[in-house]
Amino acid sequence: MTYTAEQLNKIHDIELEIAAEILRVCEKNNLLVFAHAGTLLGTIRHQGFIPWDDDMDFAMMREDYEKFIELAPQELSDEFELSSFKLNNKTPYYFLKVMKKGTLFTESSSRSLKVPKGIFIDIFPYDYLPDDERARTKVQKKQRFWRQFFIAKQNRFATGVHSKTKRIVLSAVRFFMHILTIPFKRQWVFDKYDRSLRKYNETNTHTIGTRGFAFTVESNYNYFPLKEAKFESLTLPIPANSDDVLRKQYGNYMELPPVEKRINHAPLHLDFGEGK
């Protein structure tokens with residue numbers, strides 16, 4: 001679907017509500033959370049949302065991430081809920097979503113699944129990786145293999161934000177991979193992927209990353225101690241060296257992309273709930 005300006009503004013308002021609640025719970029329980037990916041880019045380039053974007057991304061180091069998952073069901077206001085594999089093993093996502101109850105934001109990747117589908121903020125776990133580049137590359141290859149296996153097990157359709165043509169092609173590939181995963185149980189696949197990400201968390205390294213992605217491999221000195229920056233009406237924690245982080249992920253990140261590349265999640269169904 002294509003948003004009206006009013007719809008996109010309403011999505012942003014609800015996501016700011018969710019973000020404020022996440023920050024409240026984290027501050028109360030001494031958990032570190034920080035702006036990630038497009039939200040970090042929006043913070044630095046726009047002091048708020050990327051104008052056409054329709055989601056927010058946070059991240060946490062693994063230890064705090066797991067504590068948040070444990071505490072949040074009791075700590076979050078009744079207006080919000082969680083979606084994660086540990087709560088519903090039919091979810092197509094490895095990472096955590098915090099959603100506003102009573103809303104609906106149906107992505108193509110979850111359209112046929114019996115999982116919560118509210119307007120959301122994603123929270124991603126960061127894990128430690130080997131400092132040695134060769135060893136790290138080997139680890140990441142295994143992580144990416146299990147990531148694709150997990151996604152294919154959970155979903156027959158392409159995930160992520162893609163052009164229409166690319167989505168059709170990726171969906172065909174994903175459907176074939178999904179057939180191959182049928183003999184394997186969801187929990188077994190999740191555990192394989194989960195262990196591959198956590199493997200180096202007990203080691204003394206200075207390199208961190210999330211979900212096996214090469215572009216999020218960073219020195220932990222680039223992230224900590226966290227700083228603060230304005231994001232719309234909120235103040236968000238951000239990495240200590242956000243400039244270096246963003247240049248690695250986006251190149252010349254202060255330059256706006258061409259109009260044809262300004263895409264978003266474009267849900268199949270959108271509902272703001274009563275009173276919205």
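In helix 7 (residues 242-250), the residues Ser242, Val245, Leu246 and Gln249 are buried, where buried means under 20% relative accessible area, exposed over 50% and partly exposed in between (1.4 Å probe, protein chains only). Viewed along the axis of helix 7, these buried residues fall within an arc of 90°, so they line one face of the helix; the arc is that of the directions from the helix axis to the C-beta atoms. The model is predicted: local features need pLDDT of at least 70 and side-chain atom pairs count only at pLDDT 80 or more, while totals for chains, interfaces and linings use all residues. Residues are numbered from 1 along each chain as its sequence is written, and side-chain values use heavy atoms, with hydrogens and water left out.

The cover over the buried residues of helix 7 includes helix 2 (37-46), strand 8 (218-219) and strand 10. Helices (H or I, at least four residues) and strands (E, at least two) are DSSP runs, numbered from the N terminus. Just after helix 7, Gly251 takes a positive phi of about 75°.

Asn222 lies in the loop between strand 8 and strand 9 (227-231). With a relative accessible area of 11%, Asn222 is buried. Leaving aside neighbours within four places in sequence, Asn222 is in contact (heavy atoms within 4.5 Å) with Pro239, Ala240, Asn241, Asp244 and Val245. Val245 is also one of the buried residues of helix 7.

Aromatic rings provide a further set of links. The structure holds 23 aromatic pairs; rings of Phe, Tyr and Trp (its six-membered ring) pair if their centres lie within 6.5 Å, and planes under 30 degrees apart count as stacked, over 60 as edge-to-face and the rest as tilted. Phe34 and Tyr126 form an edge-to-face pair, at 5.5 Å centre to centre with 65° between the planes. Phe34 belongs to strand 1 (residues 34-35) and Tyr126 to strand 6 (residues 120-129), so this pair ties together parts that are 92 residues apart in sequence. Both Phe34 and Tyr126 are buried.

Phe145 and Phe149 form a tilted pair, at 5.9 Å centre to centre with 35° between the planes. These two residues are 4 residues apart in helix 4 (residues 133-154) and are therefore separated by about one helical turn. Phe145 is partly exposed, at 47% relative accessibility, whereas Phe149, at 15%, is buried. Elsewhere, Phe85, Tyr94, Phe150, Phe190 and Tyr193 form one aromatic cluster.
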